[in-house]
Amino acid sequence: MRNVLIAMLCVVFFGGCASTQVTPVASEDFTRFEDDEKRLWVRSEEEQEVLDESGFIYEDGELEAYLNDVAEKIEPPDVYEVIPFRVKVIKNPHLNAFAYPNGVIYIHTGILARMENEAQLATLLAHEMTHSTHRHAVSGFRDFKNKAAFFATLQVATAGFGGYGDLGNLLGYLGTMASITGYSRELESEADSVGFSLMTNAGYDPEESPKLFVHIKKELEEEKIREPFFFGTHPRIRERIESYEKLLNTMDTDTKGGVVNREIFHKKTQRILVDN
């Protein structure tokens, strides 16, 4: 049955031989979303409906408003006209955040509880927002070389998560790819680079970018934590640290510095520290 499902999805998402080269939304060359991408958006909405009705959403209107305010500071208005971003929080202590193609971002309480300030939050949000604005999901689906990874993702999605509980079982194949396997190294690197520019252009301190991931890496090692989620795996965390450190090294010393917003971040997230 699983092989039949995979074959059917191949026809849906890989038929038509569309180009894997896509332009970012709101760029001069961007015209419209193509049919296969529209189908990804429909599938995104279906998966989000399951998540939103699952009981896993962390209900805190003030926190959610704050997260969405930070996201709005990062992306230019013309981008928001194309992809109206929305940030939601999932009750889960593991380290993760992921974005759907249609711009809905889910952040685990676990990774929020490990952040130190708003600049680190902006780093994570900008990375995830870039996956949506640069259309990484459709690019990945179209890439023939990624078919093996795509099949593996589907198998994880249909097999369940064992000890990781009901949340893992609720994720569909889009959510599984975004939250667990991630994208190719090139696309993840692009999300780092573009996201870094977004957060610095918004006035945040770029030196805070790698600090969150350094902190997470240290905790993973000290606690011997092993989990399947993207930001909870050592290789991915090392890649993020190296990527942001390289980006920092390309900056002039006099351009560093900026907004950190430690106090307001702790005020908005203090309930999560207790609940998590």
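**Close-up views of a predicted model**

**View 1. Strand 1 and its neighbour, strand 3.** Valine 89 has isoleucine 107 of strand 3 as its bridge partner. Strand 1 and strand 3 (residues 104-108) run together in the parallel sense, joined over 5 bridges, where strands are said to pair if DSSP finds at least two bridges between them. Helices (H or I, at least four residues) and strands (E, at least two) are DSSP runs, numbered from the N terminus. Because 4 of the 5 residues of strand 1 (residues 86-90) are buried, this strand is largely enclosed by the rest of the structure; buried means under 20% relative accessible area, exposed over 50%, and partly exposed in between (1.4 Å probe, protein chains only).

The structure is a predicted model, in which local features need pLDDT of at least 70 and side-chain atom pairs count only at pLDDT 80 or more, whereas totals for chains, interfaces and linings use all residues. Residues are numbered from 1 along each chain as its sequence is written, and side-chain values use heavy atoms, with hydrogens and water left out.

**View 2. Aromatic rings around phenylalanine 98.** Rings of Phe, Tyr and Trp (its six-membered ring) pair if their centres lie within 6.5 Å, and planes under 30 degrees apart count as stacked, over 60 as edge-to-face and the rest as tilted. By this rule there are 10 aromatic pairs. One of them joins phenylalanine 98 to tyrosine 100 edge-to-face, at 6.0 Å centre to centre and with 65° between the planes. Phenylalanine 98 also pairs with tyrosine 106, but here the rings are stacked, at 5.5 Å centre to centre and with 25° between the planes. Phenylalanine 98 and tyrosine 106 are both buried, and tyrosine 100 counts as buried because its relative accessibility is 1%.

**View 3. Helix 11 packed against helix 13.** Helix 11 (residues 185-201) and helix 13 (residues 234-249) pack at an angle of about 45°, with their axes 10 Å apart; axes are lines fitted to C-alpha atoms, for helices over the stretch in contact, and angles run from 0 to 180 degrees between N-to-C directions. Helix 11 is therefore oblique to helix 13, since angles under 35 degrees count as roughly parallel, over 145 as roughly antiparallel, 65 to 115 as roughly perpendicular and the rest as oblique. Among the residues that meet are Phe196 in helix 11 and Tyr244 in helix 13, where contact means heavy atoms within 4.5 Å. Ring pairs link Phe196 and Tyr244 into a cluster with Phe213, Phe230 and Phe231.
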